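Please have the viewer open and follow the points in order.

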There are 2 protein chains.
Amino acid sequence: MEIIRSIRLMQSLAEDLKKSGKRLGLVPTMGYLHQGHLSLLDAIRSRCDVLIASIFVNPTQFGPGEDFTSYPRDFQRDERLLRENDCDILFYPEKEEMYPEGFSTIVIVEGLTDELCGRSRPTHFAGVATVVAKLFNITGCDIACFGQKDGQQAAVIKRMARDLNIPVEIVVAPIVREPDGLALSSRNVYLSEPERKRSLCLKKSLDLAERLVAEGERDSKVILHYIRDIIELVEGAEIDYIEIVDAETMKEAERIKGKVMVALAVRFGKTRLIDNCLLEVSEENVE
Amino acid sequence: MEIIRSIRLMQSLAEDLKKSGKRLGLVPTMGYLHQGHLSLLDAIRSRCDVLIASIFVNPTQFGPGEDFTSYPRDFQRDERLLRENDCDILFYPEKEEMYPEGFSTIVIVEGLTDELCGRSRPTHFAGVATVVAKLFNITGCDIACFGQKDGQQAAVIKRMARDLNIPVEIVVAPIVREPDGLALSSRNVYLSEPERKRSLCLKKSLDLAERLVAEGERDSKVILHYIRDIIELVEGAEIDYIEIVDAETMKEAERIKGKVMVALAVRFGKTRLIDNCLLEVSEENVE
């Protein structure tokens, strides 16, 4: 595995690889890798010739008072995991390389960034869209993989790539969970033992939503009511949002129809966790 | 010359050409071509294998009440001129192709878009940066040429391409003028005969600025004062701005030092004209 820290080098290597007919795949990460990240590599490995992972804790997607400085980092472990998982290139730029003096450009995806996480993290998705546009341009990737765990992020990136005509295929891989149901996240290390137990209410409430829909419930309000009831009963669980939205536009879905996402963000102490599930109801099944 | 109207076709043709080792050059235009546009083709012709021009009157860079609908168009003449000038591909998309339903992404270059034209046209440069990012991605161009006539636009596009790491070289070609000095612009057709005569005050005042600097004047305020005096004496000339700015950041330059741009925008009747000149003073010559 080659480790590249310079944009210029990454860009010229990518150009050479593409000229020789190679198809490049990218998995952008903020490091502190877990099985969720590694599943993203798995999801596109067979669909590209060169597998690139990037590690960059992107400061512009953290708001003031958020955990940028304390965000967990372990480069040596990440490097080892990527080697063991047949990653070909690790792109690992410095902050100054990505945002040199005079940097002035922001990519904003309107509308679908106003909802869900966009409400409590108003500058978050502009930071994400901008850095991902950069990473696409730097690596020249033909295909890139993101996790469904960050469901809104995946929708924003798809929209951005389509709108700006970036010639990249976006793959979204399913959420990877602990055996007990907690969605893998680098931020799970923040949880105390009691918080870790309480956090299971997220998956349990999503399971209930799924079951209600399977049984024929189509009214989002009813489903949201049940979810809220479960989570509100959990000590120290502070709801940021629980919503059912159209899976593409992130607009509130009053009825379960087509492809929707049940999405939630809940704080346990200082740790904010997000989780979601996708539900698809074919037209015939709609009442 | 091949005329392409579909993004998908343009993108796949560009990909094929690049795979076969061709270097692609792009001249983005809004059509109604004049010698200024053709000079942009000349400026990069020898530096690419395939010369692409695009014609797209981009609605998002016009503000409310501006001249989007009345902007002059003559596709047949443009097509003929491009053929005669050895353009290889004309990319000529429909509005619906560029901005399909659900389009939501904007590219904003902060700071240097607040000044000069950005003040009276607050959404203009976001429209420009977004459409140019799209055109870069659609054509996959290795080199692209813009005119110094739109000096601030050139600075914005350079900044955007650098910040987003778009692998394209930006060339800025000098202003082309009528024999009497008026900078070529598609909007010059709007001018009545008396307005056309009055418009010469732009070039004359820029010439004076150049002369004052050549004679050693370094105080921007003094130079601006002379320019303003000339233009204010012209009947019906309504000043939007006259400024001296750093040529890269577009920030006001109090002294003539390094590379600066003397830029002005003046209305003659309903027509707003812009013009500028670049001045470079090497450190030794600075008092």
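1. A term to start with: a salt bridge is a side-chain nitrogen of Lys or Arg within 4 Å of a carboxyl oxygen of Asp or Glu. Please keep in mind that this is a predicted model. With that in hand, look at Asp275(B), which forms a salt bridge with Arg177(B); their closest N and O atoms are 2.8 Å apart. Asp275(B) sits in strand β10 (residues 271-281) of chain B and Arg177(B) in the loop between β7 (169-173) and α8 (193-198), so the pair ties together parts that are 98 residues apart in sequence. Asp275(B) is buried, at 4% relative accessibility, whereas Arg177(B) is partly exposed, at 24%.

2. Another pair to visit in chain B is Glu66(B) with Arg121(B), a salt bridge whose closest N and O atoms are 2.6 Å apart. Glu66(B) belongs to the loop between β3 (50-55) and α3 (75-84), and Arg121(B) to the loop between α5 (117-120) and α6, so parts 55 residues apart in sequence are tied together. Here Glu66(B) is partly exposed, with 29% relative accessibility, and Arg121(B) is buried, with 10%.

3. What about chain A? Arg211(A) and Glu215(A) form a salt bridge at 2.9 Å between the closest N and O atoms. Arg211(A) is exposed, with a relative accessible area of 55%, and Glu215(A) is exposed with a value of 55% too. Elsewhere, a network of salt bridges links Glu115(A), Arg119(A), Glu243(A) and Lys251(A). Over all chains, the structure holds 44 salt bridges.

4. Now for the two chains together. How many salt bridges are there between chain B and chain A? The count is zero, while 18 residue pairs are in polar contact between chain B and chain A. On the side of chain B that touches chain A, the elements giving two or more residues are α1 (7-19), β5 (105-109), α6 (124-139) and α7 (151-163). By class, that side has 13 nonpolar, seven polar and six charged residues. The area buried between the chains is about 2300 Å², with 50% coming from carbon and sulfur atoms.

5. How do the copies relate?

6. Last, have a look at Asn276(A) in strand β10 of chain A. Asn276(A) is buried, with a relative accessible area of 4%. Its side chain reaches the backbone oxygen of Gln148(A) at 2.9 Å, and a polar atom of that side chain lies 3.1 Å from the backbone oxygen of Lys149(A).

Conventions. Residues are numbered from 1 along each chain as its sequence is written. Chains are lettered from A and ligands numbered from 1 in the order in which they are written. This is a predicted model: local features need pLDDT of at least 70, side-chain atom pairs count only at pLDDT 80 or more; totals for chains, interfaces and linings use all residues. Side-chain values use heavy atoms; hydrogens and water are left out. Helices (H or I, at least four residues) and strands (E, at least two) are DSSP runs, numbered from the N terminus. Buried means under 20% relative accessible area, exposed over 50%, partly exposed in between (1.4 Å probe, protein chains only). A polar contact is a pair of N or O atoms within 3.5 Å; within protein, one must be able to donate a hydrogen and the other to accept it, and residues adjacent in sequence count only if both atoms are side-chain atoms. Buried area is the accessible area (1.4 Å probe) that two parts lose on being put together, summed over both. Ala, Val, Leu, Ile, Met, Phe, Trp, Tyr, Cys and Pro count as nonpolar, Asp, Glu, Lys and Arg as charged, and the others, Gly among them, as polar.
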